[in-house]
Amino acid sequence: MRFDLSPLTSKEVILASASPRRTELLKQAGIEHVIMPSECEEIIKSNIPQDVVQELAGQKAWEVYQRYLREHRTEDFLVIGADTVVALDGKILGKPKDETDAFGMLSLLQGREHQVYTGVSLIRYEDGAVLRKSFYECSNVQVYPVSEKEIYEYIASGEPLDKAGAYGIQGRFAVHIRGIEGDYNNIVGLPIARIYHEIKVW
Ligand SMILES: Cc1cn([C@H]2C[C@H](O)[C@@H](COP(=O)(O)OP(=O)(O)OP(=O)(O)O)O2)c(=O)[nH]c1=O
């Protein structure tokens with residue numbers, strides 16, 4: 001069944017995320033939404049990046065779906081959950097625990113190519129039924145060599161701590177990015193074009 005895109009404008013869309021980047025990307029696409037950050041405990045059952053991001057996106061979206069249904073139980077709605085990790089040689093780098101951890105991550109990433117995975121989970125409540133869909137996008141990112149001094153300066157900016165891999169391509173770290181392959185918005189945290197097209201054919 002083709003999913004009418006009208007739910008993106010006339011029905012409630014709930015973003016299960018506290019990430020300011022994700023809400024900005026939905027706004028940029030003209031998708032009105034309410035923000036309901038997930039309160040779930042994130043349980044990781046795999047060390048394969050594409051599995052981890054889809055699993056965590058699903059846990060976030062499901063917790064918000066259940067809470068929203070309990071609290072608002074009226075109209076049809078659509079929940080969007082997402083999770084982003086960086087992978088270097090297949091090994092996952094999440095958000096750094098502290099500045100030392102951020103230094104370690106950025107030292108590993110400089111001068112090399114890595115992957116950024118974002119998993120997305122969509123949960124739709126329609127006519128009393130629940131429908132789920134999940135997918136992921138992977139982007140390659142090449143980083144110029146970055147000196148220790150530059151890494152320290154970047155960490156001092158405060159940008160790394162809430163970001164997977166300890167950097168934000170949309171911030172000061174942009175000066176160290178040699179190139180990317182794939183969706184830029186996927187690196188920022190939400191593959192908005194893929195989401196739009198997945199909803200369109202749902
Ligand atoms: C690699 C990279 C990540 N990020 C961000 C996107 C995500 O917000 C964050 C990864 O953490 P996530 O756990 O995916 O998301 P979050 O904790 O920020 O928000 P929530 O769980 O409520 O949805 O890293 C950037 O902003 N820029 C980048 O270049």
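Trainee: What pLDDT do local features need, and how are residues numbered?

Mentor: In this predicted model, side-chain atom pairs count only at pLDDT 80 or more, local features need pLDDT of at least 70, and totals for chains, interfaces and linings use all residues. Residues are numbered from 1 along each chain as its sequence is written.

Trainee: Is Asp83 buried or exposed?

Mentor: Asp83 is found in strand β3, residues 77–88, where strands (E, at least two residues) and helices (H or I, at least four) are DSSP runs numbered from the N terminus. A residue is buried if 20 or more other C-beta atoms, placed from the backbone, lie within 10 Å of its own, exposed if 12 or fewer, and partly exposed in between. Because Asp83 has 27 other C-beta atoms within 10 Å, Asp83 is buried.

Trainee: Which feature does UniProt place at Asp83, and with which residues is Asp83 in contact?

Mentor: The unreviewed UniProt entry places the feature "active site" at Asp83; such annotations may be inferred rather than shown by experiment, and their positions follow the numbering used here, with feature names shortened. Two residues are in contact if their C-beta atoms, placed from the backbone, lie within 7 Å. Leaving aside neighbours within four places in sequence, the contacts of Asp83 are Val53, Leu56, Ala57, Lys60, Thr118 and Gly119.

Trainee: Which residues touch the most other members of the largest nonpolar core?

Mentor: A nonpolar core is a set of buried Ala, Val, Leu, Ile, Met, Phe, Trp, Tyr and Cys residues joined through C-beta atoms within 7 Å. Ala61, beyond its neighbours within four places in sequence, is in contact with residues including Val79 and Ile80. Of the 47 residues in the largest core, those touching the most other members are Ala61, Val79, Ile80, Val85 and Leu106.

Trainee: Why do the buried residues of α6 line one face of the helix, and which elements do they pack against?

Mentor: The buried residues of α6 (residues 192–200) are Ile192, Ile195 and Ile199. Seen down the axis of α6, these buried residues fall within an arc of 60 degrees, so they line one face of the helix; the arc is that of the directions from the helix axis to the C-beta atoms. On the other side of α6, His197 and Lys200 are exposed. The buried residues pack against α1 (20–28), β3, β5 (113–126) and α5 (184–188).

Trainee: Which element supplies the largest share of the shell around the ligand?

Mentor: A residue is near a molecule if its C-beta atom, placed from the backbone, lies within 6 Å of it, and of the 24 residues around the ligand, Ser17, Ala18, Ser19, Ile169 and Gly189 come nearest. β3 and α5 each supply at least two residues of the shell. The largest share, four residues, comes from β3.

Trainee: Is Ala166 buried or exposed, and what is its phi?

Mentor: Ala166 lies in the loop between α4 (148–156) and β7 (177–181). Because Ala166 has 28 C-beta neighbours inside 10 Å, Ala166 counts as buried. Most residues other than glycine have a negative phi. Ala166, although not a glycine, has a positive phi of about 70 degrees.

Trainee: What is the phi of Asp127?

Mentor: Asp127 is found in the loop between β5 and β6 (129–143). With 5 other C-beta atoms within 10 Å, Asp127 is exposed. Asp127 is not a glycine, yet its phi is positive, at about 50 degrees.
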